[in-house]
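Please walk through this protein with me, one region at a time. Keep the 3D view open as you read.

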Amino acid sequence: MIRVLLAMGLLSATMAVAQAAAAVPELAFEGEYPIEGMRGGNLSGFALCAGELWAVSDRDDDQVYRMDRSAAVWQSQALTFKAPPAPDMGLPTGIVARTVAAGLVRGGSLDFEGIACDARQQLYLVSEAKAAVLRIAPGGDAAWLPLPASIVAEARQRGMLHHFNAIFEGLAMDPKGQRLWLAAEREKRGLLALQFGADGWACGKACVLLSEGGSEDVPPPMRTGASYAKDFSDLTWFKGKLFTLERNAYKLCRRDADTGAVERCWSFADTGLQPSRRYDQPYGLTEALALDDTGAWVGTDNNNWVRADGERRPVAWRFAAPAGGWEAP
């Protein structure tokens, strides 16, 4: 009887996983594009600005890249800037010290992990090392946004930002440049929001929209017995909604911009886990996301690792928008 009950339990769990997977439709793959010319490699974020696709590397502290998409291999065109000293946002000294040491070894002491823009074509970069946001004018002038340190304090109270290399991994900005969202990466992951008003940048009723821990249900080829923490690897705003890139689950999700609640998800596991496209790593490597009316760009931060087919450059994938568009119920 015990064996029967165990078998029934296993079957029930397997069916639940299968049903959950079936509930996440697969995006149609349209093509992939290797990227040349990113000095530090390590593609960490995408942003679509007035039809141009911009990218950031977590190894470059002084330039961002406009993607020339006119050929099968993209060329990166750099916009240089000089970031002033970053503000103290209240991260613990231990995390700060480890981040400084990592920057000295691998480059990229600011560790820019996400990029966004507004209707004035100002770019915004989130620094994981400093938990701060840098604004870059079209000409390259750069200044840190005067964000309240309370956003870090509240995030830590809710269980986020407690681990080295797991701070802010993405950001989104509305076209008016008046609302800003930040994605905390993992253990716990979360979404935070700020509004610009008469007194500058401030949280509303709370800084934190969402905070969640736990493990992730990952696609079958990734199930190696390891535990996969729920994570966010990029964040973008599109037509009033937030879209999160969730790399270990090989999916992107549409979320309510006021609550962070998930509304719909789409998978790209069939594309990302093709044997020729896999890396010898036990976790996902997609870190860049941008959307338009007809599809999505998803970019890979390969950390200088070589893909199974020999590709060693960062790669962008193009997926068609789902039937009914990104607003589909």
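**Loops, strands and charged pairs**

Glu187 sits in the loop between strands E11 and E12. Helices (H or I, at least four residues) and strands (E, at least two) are DSSP runs, numbered from the N terminus. This is a predicted model: local features need pLDDT of at least 70, side-chain atom pairs count only at pLDDT 80 or more, and totals for chains, interfaces and linings use all residues. Residues are numbered from 1 along each chain as its sequence is written, and side-chain values use heavy atoms, with hydrogens and water left out.

Most residues other than glycine have a negative phi, and most peptide bonds are trans. Glu187 has a positive phi of about 50°, although it is not a glycine. A cis peptide bond joins Glu187 to Lys188, with omega about -5°. Lys188 belongs to the loop between strand E11 (179-184) and strand E12 (189-197). Is Glu187 buried or exposed, or something in between? Its relative accessible area is 38%, so Glu187 counts as partly exposed. The cut-offs are these: buried means under 20% relative accessible area, exposed over 50%, and partly exposed in between (1.4 Å probe, protein chains only).

Two residues of opposite charge come just before. Side chains of opposite charge can pair when their charged atoms come close. Arg186 and Glu185 meet in a salt bridge at 3.6 Å, N to O. A salt bridge is a side-chain nitrogen of Lys or Arg within 4 Å of a carboxyl oxygen of Asp or Glu. Arg186 is partly exposed, at 22% relative accessible area. Glu185 is buried, at 4%. The structure holds 27 salt bridges. Some link up: Glu169, Glu185, Arg186, Glu187, Asp231, Arg247 and Glu287 form a network of them.

Follow that network to another pair. Glu287 forms a salt bridge with Arg247, and the closest N and O atoms are 3.0 Å apart. The pair links distant parts of the chain: Glu287 is in strand E19 (residues 286-292), Arg247 is in the loop between E16 and E17, and they are 40 residues apart. Glu287 is buried, at 9% relative accessibility. Arg247 is buried too, at 8%.

Tyr250 counts as buried because its relative accessibility is 8%. E16 and E17 pair in the antiparallel sense over 6 bridges. Two strands pair if DSSP finds at least two bridges between them. Leu252 in E17 is the bridge partner of Leu245.

What lies on from E17? Strand E18 (residues 262-267) runs antiparallel to E17, and 5 bridges join the two. Cys253 stands opposite Cys265 in E18. E17 and E18 form a hairpin with 5 residues between them, and Gly260 in the turn has a positive phi of about 80°. Why is E17 called largely enclosed by the rest of the structure? Because 5 of its 6 residues are buried. Arg255 is found in E17. Arg255 is buried, at 4% relative accessibility. Its side chain joins that of Thr244 in a polar contact of 3.1 Å. A polar contact is a pair of N or O atoms within 3.5 Å; within protein, one must be able to donate a hydrogen and the other to accept it, and residues adjacent in sequence count only if both atoms are side-chain atoms.

Glu32 is partly exposed, at 27% relative accessibility. Its side chain makes a polar contact of 2.9 Å with the side chain of Arg307. Another, also 2.9 Å, reaches the side chain of Trp317. Glu32 and Trp297 are 265 residues apart in sequence, but 9.4 Å apart in space, C-alpha to C-alpha.

Arg313 pairs with Glu36, and the closest N and O atoms are 3.0 Å apart. Glu36 is in strand E1, Arg313 is in the loop between strand E20 (295-300) and strand E21 (315-320), and 277 residues separate them.
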